[in-house]
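Subject: A structure for you to explore

Hello,

Here is the structure I promised to pass on to you. Please open it beside this email and follow along as you read.

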Amino acid sequence: KAKALGRNKCWFYTKELKGALKRKLAIEQALRIALEQDEFILHYQPQYRACTKELVGAEALIRWQPRNGSLVSPADFIPLAEETGLIVPIGDWVLRTACSQAAEWLRQGFPPFQISVNVSPRQLVEADFADRVRTILRETGLPPQYLMLEITEGVAIREEMETLAKLLPLKQQGVQVAVDDFGTGYSSLSYLTAVQVDSLKIAQMFIKDIPGSGGQAAIVKAIVAMAGSLKLNVIAEGVETEEQYEFLRSQGCHWIQGYYFAKPIAAEEFEQLHGNRQ
Ligand code: C2E
Ligand code: MG
Ligand code: MG
Ligand code: MG
């Protein structure tokens, strides 16, 4: 392709590509080191039952804390980790850390709640994905019913049903499955029943402008109603205001997650926040 653009342009593109490739390789190398040297941490964002405000779950969200740098957000390294396949060992680490933390909190007498872990499509296509999860549950001692795997709607559509069927044995053990960022893909809804999904997480973009006068409130209403008739749990994320919370509660949304209640926080802060409540 580049050739057709002529000699000079070809040279130009090559140089550009080289620069981009170099940057990519540098980040990839840094991610490998980060994994070896334990530079990742998890923050936990509490989830509450809409009608009672009791703690029902927490979503584990990864951050990268380089030796002498500031916290890097997952948006800045997860895509590259997915591209390079490094998300597989990183995802294992996330699962293990989150499950072990949740098991520890259960032992400490925390009110039982569900720990949600984001799973990238790249992890899901690994032949031994279900085995990896089972091993982690066994080794951390977390009972399967406390784990919720978040799959993005994009995955549910793109990947073959075959891939998603890998979740079924885990589901039979009690592991829960949630569809993340629901409403942003263009899906046939058949996978919701085929995969026996348990929860829908309404994408943040629909929460932003509610109640408002636009179409978003109508979409949220429709999702909650549909989830109701399919007997699915609905989780709203990105809830930032009292108005949003009140609207979602009045519509019958089950769980709420967002800055209005709590930001994602380190494990120690999470303990302070919820240890006190008991
Ligand atoms: P997500 O799974 O949809 O997570 C929700 C994101 O919304 C989180 O961003 C969270 O901090 C943010 N959020 C929560 N409440 C509010 C709110 O009230 N207002 C606003 N504006 N934002 C809110 P975060 O932590 O930066 O994570 C971004 C994305 O990175 C996640 O989106 C998820 O797709 C991905 N991610 C995070 N951790 C992991 C991981 O361990 N593995 C994989 N594969 N992906 C991860
Ligand atoms: Mg998520
Ligand atoms: Mg997501
Ligand atoms: Mg989401």
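One definition before we start: Ala, Val, Leu, Ile, Met, Phe, Trp, Tyr, Cys and Pro count as nonpolar, Asp, Glu, Lys and Arg as charged, and the others, Gly among them, as polar. By that scheme, the shell around ligand 1 has nine nonpolar, six polar and seven charged residues.

Please keep in mind that this is a predicted model, where local features need pLDDT of at least 70 and side-chain atom pairs count only at pLDDT 80 or more, while totals for chains, interfaces and linings use all residues. Residues are numbered from 1 along each chain as its sequence is written, chains are lettered from A and ligands numbered from 1 in the order in which they are written, and side-chain values use heavy atoms, leaving out hydrogens and water.

Let's begin with ligand 1. It is surrounded by 22 residues (each with a heavy atom within 4 Å of it), and the closest are Arg-63, Asn-118, Asp-180, Glu-240 and Tyr-259. Some of its polar contacts (pairs of N or O atoms within 3.5 Å) involve side chains. An oxygen atom of ligand 1 lies 2.8 Å from an N or O atom in the side chain of Arg-63, and an oxygen atom is 3.0 Å from one in the side chain of Glu-59. For Glu-240, a nitrogen atom of the ligand is 2.5 Å from a side-chain N or O atom. Taken alone, ligand 1 exposes 800 Å², and the protein buries 82% of that (areas by the Shrake-Rupley method with a 1.4 Å probe).

Which elements give two or more residues to this shell? They are β2 (55–64), α3 (87–107) and β5 (176–182), and β2 gives the most, with four residues. Helices here are DSSP runs of H or I with at least four residues, and strands are runs of E with at least two, numbered from the N terminus.

Next, the metals. The magnesium ion (ligand 2) is coordinated by Glu-59 (OE), Asn-118 (OD1), Glu-150 (OE) and Asp-180 (OD), at 2.0 to 2.3 Å. Donors are N, O and S atoms within 2.8 Å of the metal (3.2 Å for Na, K and Ca), and water is not among the atoms, so sites may look incomplete. The magnesium ion (ligand 2) is separated by 4.6 Å from the magnesium ion (ligand 3). Glu-150 lies in strand β4 (residues 147–152) and Asp-180 in strand β5, so this pair ties together parts 30 residues apart in sequence.

The magnesium ion (ligand 4) has Asp-180 (OD), Asp-181 (OD) and Glu-237 (OE) as its protein donors, 1.8 to 2.2 Å away. Asp-180 bridges this ion and the magnesium ion (ligand 2), which lie 4.1 Å apart. Because Asp-180 lies in β5 and Glu-237 in strand β7 (residues 233–237), that pair ties together parts 57 residues apart in sequence.

Finally, two backbone details. Most residues other than glycine have a negative phi, and most peptide bonds are trans. Lys-53, in the loop between β1 (40–49) and β2, has a phi near 65°. The peptide bond from Ile-210 to Pro-211 is cis, with omega near 0°, and Pro-211 lies in the loop between α10 (204–207) and α11 (216–229).

Happy exploring!

Notes:
Polar contact = N/O pair within 3.5 Å; in protein donor to acceptor, adjacent residues only side chain to side chain.
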